Amino acid sequence: MARMNEAERLRLLSERDRAFWTQDGVILAGMDEVGRGPLAGPVVVACVVMPPEPLLEYVNDSKKVSEKRREALYDRILNTCIEARTAWVDQTVIDEVNILEATRRAFNEAFAKMKTPVTDVLIDALTGLHISARQHPLIHGDALSYSIAAASIVAKVERDRYMREQDAIYPGYGFAQNKGYGTKQHTDALKTLGPCPLHRRSFLKNLL
């Protein structure tokens, strides 16, 4: 079977977005989070309003894009978008309120920062946000919506950069490589070094 070309892939990825772009009076944003699963660090949410044209080549679910390409796309997205905002909720709040509530807070905060009068939001899976726009949750939305995919790249690049910086402050855990996720290197280091201030204590109960 012939491999799908990039223009066709982008056309399919943006189909759901285009249904909103073609409606009068509708301003669409995509929202996504990065960092719900790690043992350390913040959860980061991006809210991004992308124009219908141009569709940026290689925008996709951030997990399907190489780190080098994500870095290049991050700049292209910020230079092309109508607006993009991020919100961070750190590990202390995650421990206080639980990861789901912390993630909702980050979504609400990212949306609240927007100056563009967004009317509709495509969201990767999450429901029940306190925002002043119509919410359209999509399971695996970062693989099904161009706007969500763009948001996923913005959130991931910002969080990954932060975790690489933290590796110099808290060496030994491999944050530059694992970004706080529970790899063997990371869990072995936890057992040897114990947790650092970046760790989510509520995620470590069973591990330690």
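At what angle do the axes of helix H3 and helix H6 cross, and within how many Å do they come? The close-ups below, taken from a predicted model, begin with that pair.

**View 1. Helix H3 crossing helix H6.** The axes of H3 (residues 67-80) and H6 (residues 146-169) cross at roughly 120° and come within 9 Å. Angles from 65 to 115 degrees count as roughly perpendicular and those over 145 as roughly antiparallel, so H3 is oblique to H6. The crossing of H3 past H6 is left-handed.

**View 2. The residues where H3 and H6 touch.** On the H3 side, look for Glu67, Arg70, Glu71, Leu73, Tyr74, Ile77 and Leu78. H6 meets them with Ala150, Ile153, Val154, Lys156, Val157, Glu158, Asp160, Arg161 and Arg164.

**View 3. The buried side of helix H8.** In H8 (residues 184-193), the buried residues are His186, Thr187, Ala189 and Leu190. These residues lie on the same side of H8 because they cover an arc of only 160° around the axis. An α-helix has 3.6 residues a turn, so residues three or four places apart point the same way. Helix H7 (175-178) is included in what covers the buried residues of H8.

**View 4. The other face of H8, and what follows the helix.** Turn to the face of H8 that points away from its buried side, and you will find the exposed residues Lys184, Lys191 and Thr192. After H8 comes Gly194, with a positive phi near 75°.

Notes: Residues numbered from 1 in each chain as written. Predicted model: local features only at pLDDT ≥ 70, side-chain atom pairs only at ≥ 80, totals over all residues. Heavy atoms only, no water. Buried < 20%, exposed > 50% of the residue type's maximum accessible area, 1.4 Å probe, protein only. Helix = DSSP H or I, 4+ residues; strand = E, 2+ residues; numbered from the N terminus. Arc of directions from axis to C-beta. Contact = heavy atoms within 4.5 Å. Axes fitted to C-alpha atoms, helices over the stretch in contact; angles between N-to-C directions. Parallel < 35°, antiparallel > 145°, perpendicular 65-115°, else oblique. Left-handed = near helix turned anticlockwise from the far one by under 90°.
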